Amino acid sequence: MIARQIADAVNQDRLLESIDTLATFGARGDGGVDRPALGERDIEARRFLIDRARALGCSVHVDACANLFFRREGGAALAPVMTGSHIDTQPTGGKLDGCYGVLAGFEVLAALNDANARTRRPLEVAIWTNEEGTRFSPGAMGSSAFVEPSRMARYADVRDSERITLSAALDHHRRAFPGLPQRAQHEAAHAFVELHIEQGPQLEDAGVPLAVVNGIQGVRWYAFHVQGTAAHAGTTPMPLRRDAMTLAIALRQELDAIAHELGRADTRVTFGRWSIEPNSINTIPSAVSFTIDFRHPDASVLAAFDEHAHAIAQRHGARIEALFTHAPVAFDASVLACIDEACRALDARTLHLTSGAFHDAMYLATHCPSGMIFVPSIDGISHNPAEATDAGHLVLGARALAHCLTTLCND
Ligand code: GLV
Ligand code: MN
Ligand code: MN
């Protein structure tokens, strides 16, 4: 009953205005957003959200990785229900990736206020630092450090492209917000629900407005390093060459074929970053490095690919470097049931699907019962200034979030 009332208090104009306003911090000329984690534009965006949260009567806390927590108190001294996402963007980002989840969380806080509702548990909206991994690698630093604080020691010395360490960027953030009370990482939470754009075509193709996200596919990142010998492009006969690029391309073909053979239709394999030495038009390449992003929902397929990748590297005398790995995540059945119930109560058709992208909820799922809701992405486009979602879908997603969070807060 009360959950439906809060869903109905979600205000379309206020939600859409907040999305447009946040997008002014780091706005690109082409309508997109470029807001690297902990840069000046991110700090100004955070200042704007801190002011908004205080105006809503929320307390604001920060932790050791500059994650921000906006808290609306509940009636009982219980662990909070959490929601939120990230506000850093890709260099060619849009207005919605991450921001939508944070701002829909703010809209739920405002809707609870408008309805004068008192929940049993506190509700917290979090901004997780550096989810995109564009400025500091790996991504999802804030959420992964929140659930496993020992990671901070490893992350502190990570440098951005200008050689600034994460720890210096965190100092800068502390100086920007000197009065913010600190809170410990790894604090207990009753549940976490993240609302996000799908960033793919499935909902739109099915003509369905909401997805209940069952989990997140697993991922393995590697770098392959291949050696050759630099030599003159015009004088070196073909049989005498040791061309690192020729070998790298053969490796790429072999890895691509095995990825498809193992993972079939569910395989997602990307050879996204290449570096070549000496990178000269008339010198045979002496060294090539390339990355692999391999994703699949099945852990045994990920493990089989890992074995093949190492064997292929060994067979060809290449060096393989494992950069990042995360197992497939299954979200909590009771949180998914709560999302399902919210969508039913709002008469919204749903699809159950597995997320292709990773999200902060991937780490929160190891900390507390977690789940995600997706809304459609127009033409499946994301990480692009053209990223967009129909206004009606944005509002429906926020209403489903409001329903689900209110139910969980009164658990
Ligand atoms: C991040 O969003 C990723 O899935 O790579
Ligand atoms: Mn995101
Ligand atoms: Mn993203």
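## Close-up views of a predicted model

**View 1. His383 in the predicted model.** With a relative accessibility of 36%, His383 counts as partly exposed. The structure shown is a predicted model. His383 lies in the loop between strand E14 (370-375) and H13, and its NE2 atom is one of the protein donors of the manganese ion (ligand 3).

View 2. Glu132 and His383 link distant parts of the chain, 251 residues apart. Glu132 is in the loop between strand E4 (123-127) and helix H5 (141-147). Glu132 counts as buried because its relative accessibility is 13%, under the 20% cut-off.

**View 3. The manganese ion (ligand 3) and the manganese ion (ligand 2).** The two ions are 3.7 Å apart. Asp97 coordinates both.

**View 4. Packing of helix H2 (residues 12-22) and helix H13 (residues 391-409).** The two helices pack at an angle of about 105°, and their axes are 10 Å apart. H2 is therefore roughly perpendicular to H13, a term that covers angles of 65 to 115 degrees. On the H2 side, Gln12, Leu15, Leu16 and Ile19 make the contact. H13 contributes Ala391, Leu394, Val395 and Ala398. Of the residues in this contact, 7 are nonpolar, 1 is polar and none is charged.

Methods: Residues are numbered from 1 along each chain as its sequence is written. Chains are lettered from A and ligands numbered from 1 in the order in which they are written. This is a predicted model: local features need pLDDT of at least 70, side-chain atom pairs count only at pLDDT 80 or more; totals for chains, interfaces and linings use all residues. Side-chain values use heavy atoms; hydrogens and water are left out. Axes are lines fitted to C-alpha atoms, for helices over the stretch in contact, and angles run from 0 to 180 degrees between N-to-C directions. Helices (H or I, at least four residues) and strands (E, at least two) are DSSP runs, numbered from the N terminus. Angles under 35 degrees count as roughly parallel, over 145 as roughly antiparallel, 65 to 115 as roughly perpendicular and the rest as oblique. Contact means heavy atoms within 4.5 Å. Ala, Val, Leu, Ile, Met, Phe, Trp, Tyr, Cys and Pro count as nonpolar, Asp, Glu, Lys and Arg as charged, and the others, Gly among them, as polar. Donors are N, O and S atoms within 2.8 Å of the metal (3.2 Å for Na, K and Ca); water is not among the atoms, so sites may look incomplete. Buried means under 20% relative accessible area, exposed over 50%, partly exposed in between (1.4 Å probe, protein chains only).
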